[in-house]
Structure formats: C-alpha cells, structure tokens
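Here is a briefing on one protein chain. Please look over the sequence and the fold before reading on.

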Amino acid sequence: MSVRTARGALAATLVAAAVTATALTAPATAAPGPAATAAAAEDRAGGRHDATRRAVEEVVRSGVPGVLAQARDRHGVWNGSAGVADRTTGRERLPNDRYRVGSITKTFVATVVLQLEAEGRLDLDDSVEKWLPGVVRGNGHDGREITVRQLLNHTSGIYNVTADPGFQAKVFGPDFLHHRYDTWTPRQLVALAMEHAPAFAPGSSWDYSNTNYVLAGMLVEKVTGRPYGEAVERRLLKPLGLRATSVPGTDARMPRPSGRAYSTLGADPADPATRIHDVTELNPSIAGAAGEMISTNADLQKFLRALLTGRLLPQQQMKELTRTVPTGADRAGEGYGLGLMSTELSCGKKVWGHTGGIHGSGSLVLATRSGDHTLAANANGDWAGDTSRIAEAEFCG
C-alpha cells in the first residue's frame, strides 16, 4: 500500500511514498544521526551523495520524525539518516532498522506469480475466474473477463477496497485505535470491494487497486496449495538470504531492530491540537498481499537488484515484468509493469522500482535498469515528507 493522502488512502505513485503536508508544531529535529555524519565525511571526500544527504534532512524538516536512506553504486554503500526513530527516547534511526514496506510487497508477489508462469503452472492470460471461481462477482465485476495480467498491472478495473468509506473510517481514521488488532481475511477485503461498481471495463484504462493484489495473493495460494507468504519466503527470501525481510501475516509486532511509526490518523497536521499517534503495532492483514511485508533498506535493494538483473525470472517473464502501461496523463513519463513501476526523473534518467505506504511508514526502492545503482528509503511518519526529493537527489545529483 502506498500513502497518497493525509487520511492514509493507499495508492501507488513511484515518486511519492509519503504525503506532503504542513509540518506539525515541535516536529522531530532534523539533526543528522551517526550514519548521516559518516556520510557527510564521505561527501566531503567525493561529494557523491551530498545532495541525497541534504534531501534526507529536508524531508525531516517538513515534519517527518525520521528518515533513513541507503544507496549502492559501483563505489560502494552509503547510509544516511536524519531525525529520530523514537520520539519518546530520541533514539536515532539505524541503517539496519526494519520497517513496514507497504506496497513494495506487490513486487514480491508479482515475481512469485511470474515464476509460477515460467513453470507452466498458470498463464498470465488465464481468467481470474479459472483460479478463483465466483470470487470476483457483483455490481458489474466479472472475473471471467479479467486476466491475471490485468490484476498485476492494475488494468482490471476492480474497485480499490481501500477507497471504501467504511473501511477508511475504521482503518485510517481515529477508529484505527480501536481496530488496530482486527484481522481481515482476503475474502473479506474482496467482498467489500465487490459492493462497489468497477472503475472501468477490464483492460480499458489504468487505476491502482489494492484489491488486485489481495486477489493475486489468493491466486498464489490456490495454485501452490500454501499461503502466498510461504511462497514468497521459499522462492525469494531464503534463496536471496533476505534475513531481515518477513511476511508477518496477522502478527502486529515489529521485529528488532526497528523504530516507531507515527500518524495523525487523518487529522490536520497544521492544527496545533492535532496529536501524533504511535501506530507501530497493527495487524497487517488490513493490507495482506497488497502491502503487509517488513524489510530493510539493504534487503530491498538486494531483492530489486536480483530481480532486474535476471536472477529470479527467465527472459520471457522479464519481458512481461517490464512491459509497462501508462498510468495517466497527469503522470507523464511513468509506467506500470507487473508489480514494478518505471519513471523518468527530472534529469531524464529512468528508474525502476516501487513505493509503499502503510500507517506511519512511507518507503521506496528504486534502481537503474541495469541494477548497478540502487536506492531505498523510509520515512516514519505518514502526514508529511515528499521522499521523491531523495530519489531526485540520488539519481540526478
């Protein structure tokens, strides 16, 4: 899931992993932590990441408690941070901190689906109805007319469950504090989406829908006979040695080391009376296969690098992965493939990856198509901070 509004409505825009808003009174300080201090010394020597370091600090000045970033290129690894991981203790963010990655989960799920296609166990042009009979029906939805490919590239037209007003009120607003430990099953989420009309006829347009990936997770389970998270672990996490990455299911806790996550739960951050809530603990089944995973900057870059360099998929599936559709006239230069987005930055460079947002956490992982230059970053507040400036600084300088 990717944060688009102050209410936490979830979307997927590659260059915006957290919402932009006016900073709260008495925000966390923008003083760089140890990692940024070390980075500053490196920048004085070569200046390669000086712009990125400044961008990280600017995001914190906009109101986010803390930001963590890591970049890898032919020169090595750079770590930068600013602000705090914990507003109560003042503990700084650490390079190996784990955080909720939101919609970056979609890239993992799409990769598993493409592996299953490469093995001949399904076809991207299979109908959703073939694998999930009767599930996508109601108010104009018809799984017989929607393909697996259309789920993965968001051209299905299926209503986005996280846009449902009742769901938003319970999950993103103040009621979250009463429902943060509730369990949502994939079928519940899909059934809620089916109460609404589709956004458009399948294949006729593009619209980001978290329901698509809830269904993709259900499809993986139907094909493999095991929960989708087990397929992600067996096929991706263990082979790549992503030991800090997990699929938590219904576990509300965060593994250590990790900081805290903060939200205004939709309240106006410009209002001095607005409270910042600690939303670290939550039942991630609210997102499921659309955005429940936990990872680190290092693991996310390792995964994306392996994916883009062909270590995880055969050539034909790589073509499908990177075959993009336009995402709208208001997002020129941006395309969506199968769980992977491409965008052209201001300097003309094209980068690939995904963003993700979930309560109190906005993340991104990006790379050049060759995989030789990668970036991952996380902001631990969901009411302010445009992390696109970090991407622009790192890849455009």
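## Helix packing and sheet pairing

Helix α8 passes helix α9 in a left-handed crossing. Left-handed means that the near helix is turned anticlockwise from the far one by less than a right angle; clockwise would be right-handed. The model is predicted: local features need pLDDT of at least 70, side-chain atom pairs count only at pLDDT 80 or more, and totals for chains, interfaces and linings use all residues. Residues are numbered from 1 along each chain as its sequence is written, and side-chain values use heavy atoms, with hydrogens and water left out. Helices (H or I, at least four residues) and strands (E, at least two) are DSSP runs, numbered from the N terminus.

**α8 against α9**

- α8 covers residues 186-193 and α9 covers residues 210-224; they pack at about 140°, with axes 10 Å apart.
- That angle makes α8 oblique to α9.
- Oblique is what remains after roughly parallel (under 35 degrees), roughly antiparallel (over 145) and roughly perpendicular (65 to 115).
- Axes are lines fitted to C-alpha atoms, for helices over the stretch in contact, and angles run from 0 to 180 degrees between N-to-C directions.
- From α8, the contact uses P186, R187, L189, V190 and A193; from α9, it uses T211, V214, L215 and M218.
- Contact means heavy atoms within 4.5 Å.
- Seven of the residues in this α8 and α9 contact are nonpolar, one is polar and one is charged.
- Ala, Val, Leu, Ile, Met, Phe, Trp, Tyr, Cys and Pro count as nonpolar; Asp, Glu, Lys and Arg count as charged; the others, Gly among them, count as polar.

**α3 against α9**

- Helix α3 (residues 105-118) also packs on α9, at an angle of about 40° and with the axes 10 Å apart.
- α3 is therefore oblique to α9.
- The crossing of α3 and α9 is left-handed.
- On the α3 side sit K106, V109, A110, V112, V113 and L116; they meet N210, Y213, A216, G217, V220, V223 and T224 in α9.
- The contact of α3 with α9 divides into nine nonpolar, three polar and one charged residue.

**The eight-stranded sheet**

- Eight strands form an open sheet with antiparallel pairing, in the order β4-β3-β16-β15-β14-β13-β12-β11.
- Strands pair if DSSP finds at least two bridges between them.
- β4 (76-83) and β11 (325-326) are the edge strands, each pairing on one side only.
- Two bridges join β11 to β12 (residues 334-336) in the antiparallel sense.
- V325 has Y336 of β12 as its bridge partner.
- β12 and β13 (residues 341-344) run antiparallel, joined by three bridges.
- E334 faces T343 in β13.
- The β12 and β13 hairpin has four residues between its strands, and G339 in the turn has a positive phi of about 75°.
- β13 and β14 run antiparallel over four bridges.
- Here E344 stands opposite K350 in β14.
- The β13 and β14 hairpin has five residues between its strands, with G348 in the turn at a positive phi of about 95°.

**A helix across the sheet**

- Helix α11 (residues 297-308) lies across β3 (66-73), β14 (350-358), β15 (361-367) and β16 (374-379), at about 40° to β3.

**Aromatic pairs**

- Rings of Phe, Tyr and Trp (its six-membered ring) pair if their centres lie within 6.5 Å; planes under 30 degrees apart are stacked, over 60 edge-to-face, and the rest tilted.
- By this rule there are six aromatic pairs.
- One of them, F167 with W184, is edge-to-face, at 4.9 Å centre to centre and 70° between the planes.
- This pair links distant parts of the chain, 17 residues apart: F167 is in helix α6 (residues 165-171), and W184 is in the loop between α7 (176-179) and α8.
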